[in-house]
Amino acid sequence: MYKLVTKRVLSDVSTLFEVEAPLVARKAKPGQFIILRIDEKGERIPLTIADSDPERGTVTIIFQEVGLTTKCLAKKEAGEYIADFVGPLGKPMEFPEHPGRIIAVGGGVGIAPIYPKVKGFYQAGMDVFSIIGARTKDFLILEDEMRLVSKELHVCTDDGSYGRHGFVSDVLQNFLADGEQIAEIIAVGPLPMMRAIVNQTRPYGVKTVVSLNPIMVDGTGMCGACRVTVAGKTKFTCVDGPVFDGHQVDFDELVARSRMYQTEEKQALGHCRCGCGGEK
Amino acid sequence: MEPNVTKKHPMEEQKAAERVKNFSEVPYGYNIDTAIAEAERCLECKKAPCRQGCPVEVDIPAFIGLIKEKKFGEGVFALKSKNNLPAICGRVCPQESQCESFCVRAKKGDSVAIGRLERFLADWELEHGVDVPALPVPTGKKVAVVGAGPAGLTCAGDLARMGHDVTIFEAFHMPGGVLVYGIPEFRLPKEIVRKEVDYIQRLGVKLRTNIVIGKTITIDELFSEEGFHAVFIGTGAGLPTFLGIPGENLLGVYSANEFLTRTNLMKAYLFPEYDTPIKVGKNVAVVGAGNVAMDSARTALRLGAENVYIVYRRSDKEMPARLEEIHHAEEEGVQFNLLTNPIKISGDENGWVKGIECVKMRLCEPDESGRCRPEPIEKSNFVFAVDTVVVAVGQTPNPLVPQTTAGLKTGRRGTIEADESGKTSRAGVWAGGDIVTGAATVINAMGAGKTAAKAMDEYLRSLPTA
Ligand SMILES: Cc1cc2nc3c(=O)[nH]c(=O)nc-3n(C[C@H](O)[C@H](O)[C@H](O)COP(=O)(O)OP(=O)(O)OC[C@H]3O[C@@H](n4cnc5c(N)ncnc54)[C@H](O)[C@@H]3O)c2cc1C
Ligand SMILES: Cc1cc2nc3c(=O)[nH]c(=O)nc-3n(C[C@H](O)[C@H](O)[C@H](O)COP(=O)(O)OP(=O)(O)OC[C@H]3O[C@@H](n4cnc5c(N)ncnc54)[C@H](O)[C@@H]3O)c2cc1C
Ligand code: SF4
Ligand code: SF4
Ligand code: FES
């Protein structure tokens, strides 16, 4: 059993937990993830390691409520326990080979997983220009944290309820156009956003990496559920990724595959054990 | 009951029409009378040739003799002095090619049903309460076992019985390896595995789940930071092989590992009571013809598929699955498309599988090595409609541990190199089971765990005491 040490509600739909997992905390590197299961009947779901504190033996996870497991997890309080927590899984992120700016783009659900990477660059002494965005103000999280580790932070909302009115891609366009050298763009968010970003940067020939979130089961390379096509070859996201060169990823396939259990995901909400029934 | 000389006593089982609708175990096992009658068929041969066929050296005539005398408790003791997991072996050992193939009775008629008798005794014990043998004085030596499959569990149990302080590290949330994630409930109830693992723990073995060796802790750290004196690697052959044909990433295409893990370990057959879903259509193609393929096909039927096809490129004679499994699959209505090789999977506009294109094959004459390669028959291509495909064409070792352990030699196919005792190229590190041999059998993995335990014991005793 793994203790949820602290809880912070970041927005209507986003929650942060610090989880007691000293072995994972000791090893965690930016870019890696964990897999957790709430209880005996639960599903194994992957979440990015947002932060870790080896001294206190804790690992931070931040997640958005999208379905059964994440909704039920959000109902837990500090002091409660979850059944399983395994990691760190996946490859740590790599640092760019070329000089220049690093531009980090985090959209919606992608803000949480991009934060540890930006922090990783920051701790390595690199300048990161960050752009975060969400549909509306309530979905925006980690603004202060991102500001602390970014050279510049640009915030936007689709509906203009906060920050700049518009999409992350609009801000990114300014960076692509201003002529400054870009070492790497890192984009994390919903699949349509990542696909849009890689299509946007492709003509500029700027290296653009993405952190993928396919459906997973074991997270150790054993089941193949997480397979994606990268540069025409099948890769297992949990061991070969989760970060890949976005220009090489077959997004159509990934989008289709992530819908595999749509009907079941809806059905599951009616059967949750936490009593939420899928409602807030 | 009259002892029958030439035939094994049959084992009652669920009728095919009924069992395809549930996940309950298919054979019921012998009752006491049948077990004694079957035991009477054993001649208790002095040389007991059957014993050659058992990788963990079970004293077969001894335990069968005790069944005859109705001394079940003592029989269990005799069995368990060699085999820590008898209820599992009695169910899934390929006895026909192991112990039973050497039985003198097999020369004229059926061998003694060694496996069924083993299962009978083990089940008797599980019902009547399991005793733990007296343990020796602790040696003060610490051993780490990586992987809680049959190889690791056996090695751990044996080392504990030799007085060592053993900890098993398991990546999954549950111990058992293939026994819990691969082999289905209807062949090996998970409650049986749980009880046998429980026995290993009662021998003093500690179990730490949710630890991926190579990620959470490395082999080097097991020595340097965790203070272990020796390590046994039993991480199995968990990496699924795909066919490498177009369409394999379409929705509805599963590796057998994923298909079985969702169903068995995550209990998707009980969805939505359990959270993990699985999707099976009306028409399912299972590619391959080994035990894994039969398990997948029979699982698909139980999950509600109407037609399940085994697609296999060689003929029935080459099918690697146990005869009993093929027979069970046939009875349940699995259809066999033999000498058929898939070359392409096609999908609909939403990316779902809709058909599988195959080519008919013929077997050419065997060459000098005695193997015959199947070759495609020109222009024999045909497509048949399926909405689910399960690829069950083999597994190779997972590279996680070798990749993160300097100085650990591996073979061409990613297996860890080890000598007959399981000793690897790294001092203090042994390995055994599927990680060394490639995908094989439960009993071979257990045999390897047992052999390694002996060698490790010797090694540990040669170390200076702290
Ligand atoms: C490497 C990785 C890192 C991730 N990091 C984060 C993170 O830091 N914060 C965050 O909010 N989300 C993250 N995700 C996504 C997160 O795993 C899913 O949101 C979560 O599994 C949804 O589960 P659910 O039961 O709540 O929803 P469901 O109703 O089951 O599903 C809703 C959506 O989640 C996806 N999903 C469902 N089951 C799984 C599964 N077993 N594995 C992966 N995706 C699944 C589906 O495609 C679906 O679109 C990450 C995913 C991956 C692969
Ligand atoms: C579907 C199926 C049906 C089968 N049917 C039969 C049968 O009827 N009869 C028979 O004799 N054989 C059968 N086999 C084969 C048999 O199950 C295997 O040969 C046997 O389980 C191998 O045992 P093992 O201990 O070497 O590995 P495994 O059983 O594979 O166990 C390895 C364990 O190590 C864990 N692990 C892996 N990597 C790590 C890591 N880095 N850190 C920590 N833990 C790790 C895994 O999670 C797993 O629990 C079947 C196999 C399958 C897949
Ligand atoms: S363990 Fe397997 S091989 Fe050995 S006697 Fe029992 S059934 Fe036969
Ligand atoms: S060879 Fe057959 S008959 Fe002889 S002891 Fe073994 S099981 Fe009994
Ligand atoms: S999640 Fe199973 S192989 Fe990646």
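B:Cys89 is buried, at a relative accessible area of 1%; here buried means under 20% relative accessible area, exposed means over 50%, and partly exposed covers the range in between, all with a 1.4 Å probe and protein chains only. B:Cys358 is also buried, and its relative accessibility is 0%. The structure described here is a predicted model, in which local features need pLDDT of at least 70, side-chain atom pairs count only at pLDDT 80 or more, and totals for chains, interfaces and linings use all residues. Residues are numbered from 1 along each chain as its sequence is written, chains are lettered from A and ligands numbered from 1 in the order in which they are written, and side-chain values use heavy atoms, with hydrogens and water left out.

How confident is the predictor in chain B? Its mean pLDDT is 93, and 98% of its residues reach 70 or more; pLDDT is the predictor's confidence in each residue, from 0 to 100. For the model, ipTM is 0.94 and pTM is 0.94.

A disulfide is a covalent bond between the sulfur atoms of two cysteines, and the cut-off used to find one is a pair of cysteine sulfur atoms within 2.5 Å. Over all chains, the search of the whole structure finds zero disulfides. For B:Cys89, the closest cysteine sulfur belongs to B:Cys93 and is 4.3 Å away, so the two are too far apart for a bond.

Helices (H or I, at least four residues) and strands (E, at least two) are DSSP runs, numbered from the N terminus. Helix α12 of chain B covers residues 291–302, twelve in number. Ten of the twelve residues are buried, so α12(B) is largely enclosed by the rest of the structure. Among these buried residues are B:Met294, B:Asp295, B:Arg298 and B:Leu301. After the helix comes B:Gly304, with a positive phi near 110°.

In chain A, A:Thr70 sits in helix α2, residues 68–74, and is buried at a relative accessible area of 8%. Which residues does A:Thr70 touch, not counting those up to four places away in sequence? They are A:Ile45, A:Phe63, A:Gln64 and A:Glu65, where contact means heavy atoms within 4.5 Å. A polar atom of the A:Thr70 side chain also lies 2.9 Å from the backbone nitrogen of A:Val66. This is a polar contact, defined as a pair of N or O atoms within 3.5 Å; within protein, one must be able to donate a hydrogen and the other to accept it, and residues adjacent in sequence count only if both atoms are side-chain atoms. Between A:Thr70 and A:Ala268, which are 198 residues apart along the chain, the C-alpha atoms are separated by 12 Å.

A:Thr70 leads on to ligand 1. There are 23 residues around this ligand, and those that come nearest are A:Pro46, A:Thr48, A:Gln64, A:Thr70 and A:Ser258; a residue counts as near when one of its heavy atoms lies within 4 Å. A polar backbone atom of A:Pro46 is 2.6 Å from an oxygen atom of ligand 1. For A:Gln64, a backbone N or O atom lies 2.9 Å from an oxygen atom of the ligand. The side chain of A:Glu265 has an N or O atom 3.4 Å from an oxygen atom of ligand 1.

The peptide bond from A:Gly241 to A:Pro242 is cis, with omega near 10°, and A:Pro242 lies in the loop between α7 (237–240) and β17 (243–245) of chain A. In chain B, the bond from B:Phe271 to B:Pro272 is cis, with omega near 5°. B:Pro272 belongs to the loop between α11 (256–265) and β7 (283–287), and B:Lys267 is placed in the loop between α11 and β7 too. Although not a glycine, B:Lys267 has a positive phi of about 55°, and this residue is buried at 18%. A:Ala231, not a glycine either, has a positive phi of about 50°, but counts as partly exposed at 47% relative accessibility.

Finally, the two chains meet at A:Glu264. This residue lies in helix α9 (residues 262–269) of chain A and is buried, with a relative accessible area of 12%. Leaving aside neighbours within four places in sequence, A:Glu264 is in contact with B:Phe271, B:Pro277 and B:Lys279.

Methods
The expected span of a helix is 1.5 Å times one less than its number of residues.
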